[in-house]
Amino acid sequence: MTRVLIVEDDSDIRAMLARGLEAEGFSVGMAGCVGDALTAARDEAPEAVVLDITLPDGSGHDVCRSLREGGYPGPILFLSARDEVRDRAEGLALGADDYIVKPFVFDELVARLRTHLLRRKESDEPRTIVTAGRLTLDLNVRQVSFGDATARLTPREAELLAMLMDQANKPVSRGDIFDKLWASQGGLSLNVVDVYVGYLRTKMSDFVRFGGPILTTVRGRGFMLDLRGQDFRH
């Protein structure tokens, strides 16, 4: 039985989510603060986390960051009343897989949760290493390297880079990237692609200084991983 950790400071919402998820066949753990959430994540090994942002002893952002830095591989879904685009972008940048705004439709939450669990299950089975020229991406630890230079990525950054590496030296449109990585998440626009390309450019800036690949914007066509004449394979 798939175990889900609910991190929510409102006891009524927490209980409602627990009842609903148990009725859907999930095993449920609960926490109402940052400290209890991190303890439960360590001791109970949940396969997914549903996470509020506003907590009495800190922020859900702290929980998400700690889990990802500790190598937690499961889906993390933010469930928050904060509905600004910048709030969603920040949550996703920390490594969350989804961001659902309160008030929410429970059936949609369950559908998204199942989708992310299935994606994680499928992603555990295929390739773990992606290469393009001398650029190597280890999907297990979400680390990209070029020569001696390395950078750690969030899950979504790694997915985006793998997509661009698979099409190295070819433009990939914003629409194609969005459809593959973000179409299942409501309330986001194509601009989220530009935001994440910006994150990758920052993290890979050392590679460029050593002659590594460049993430270029191809006007009217999208983004391209430019290997600048390197031999490449994928």
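Helices and strands are named here as DSSP runs, a helix being a run of H or I with at least four residues and a strand a run of E with at least two, and both are numbered from the N terminus. The model is a predicted one, and on this scheme the secondary structure of the protein chain amounts to 9 helices and 13 strands. With a radius of gyration of 19 Å, close to the 17 Å that the globule rule gives for 234 residues, the protein chain is as compact as a globular protein of that length. Its C-alpha trace extends over about 60 × 35 × 30 Å along the principal axes.

How much of the protein chain counts as buried? Of its 234 residues, 50% fall into that class, while the accessible surface comes to about 11,200 Å², with 48% of this area belonging to carbon and sulfur atoms. As for the contacts in the protein chain between residues at least 6 apart in sequence, 59% of them join residues that are at least 24 apart.

In the loop that runs between β7 (98-101) and α5 (106-123) lies Pro103, and the peptide bond leading from Lys102 to Pro103 is cis, with omega near -5°.

Arg142, by contrast, has a relative accessible area of 12%, and since buried means under 20%, Arg142 is buried.

The last stop is a pocket. Rolling a probe the size of a water molecule over the atoms shows where empty space is left. The second largest pocket holds about 310 Å³ of space, and its lining is made up of 14 residues, of which Glu47, Pro75, Leu117, Arg120 and Lys121 lie nearest the centre. Which classes of residue make up this lining? Taken by class, the lining of the second largest pocket comprises 6 nonpolar, 3 polar and 5 charged residues.

Terms used. Residues are numbered from 1 along each chain as its sequence is written. This is a predicted model: local features need pLDDT of at least 70, side-chain atom pairs count only at pLDDT 80 or more; totals for chains, interfaces and linings use all residues. Side-chain values use heavy atoms; hydrogens and water are left out. On a 1 Å grid over the protein atoms alone, a cavity is a set of points where a 1.4 Å probe fits but cannot get out, and a pocket is an open set with protein on both sides within 12 Å along at least five of seven lines; lining residues have an atom within 4 Å of a point. Grid points are joined across faces, edges and corners, and a volume is the space filled by probe spheres set on the points. Ala, Val, Leu, Ile, Met, Phe, Trp, Tyr, Cys and Pro count as nonpolar, Asp, Glu, Lys and Arg as charged, and the others, Gly among them, as polar. The radius of gyration is taken over C-alpha atoms; the globule rule is 2.2 Å times the number of residues to the power 0.38. Buried means under 20% relative accessible area, exposed over 50%, partly exposed in between (1.4 Å probe, protein chains only). Contact means heavy atoms within 4.5 Å. Accessible areas come from the Shrake-Rupley method with a 1.4 Å probe; for residues, only the protein chains shown count as cover.
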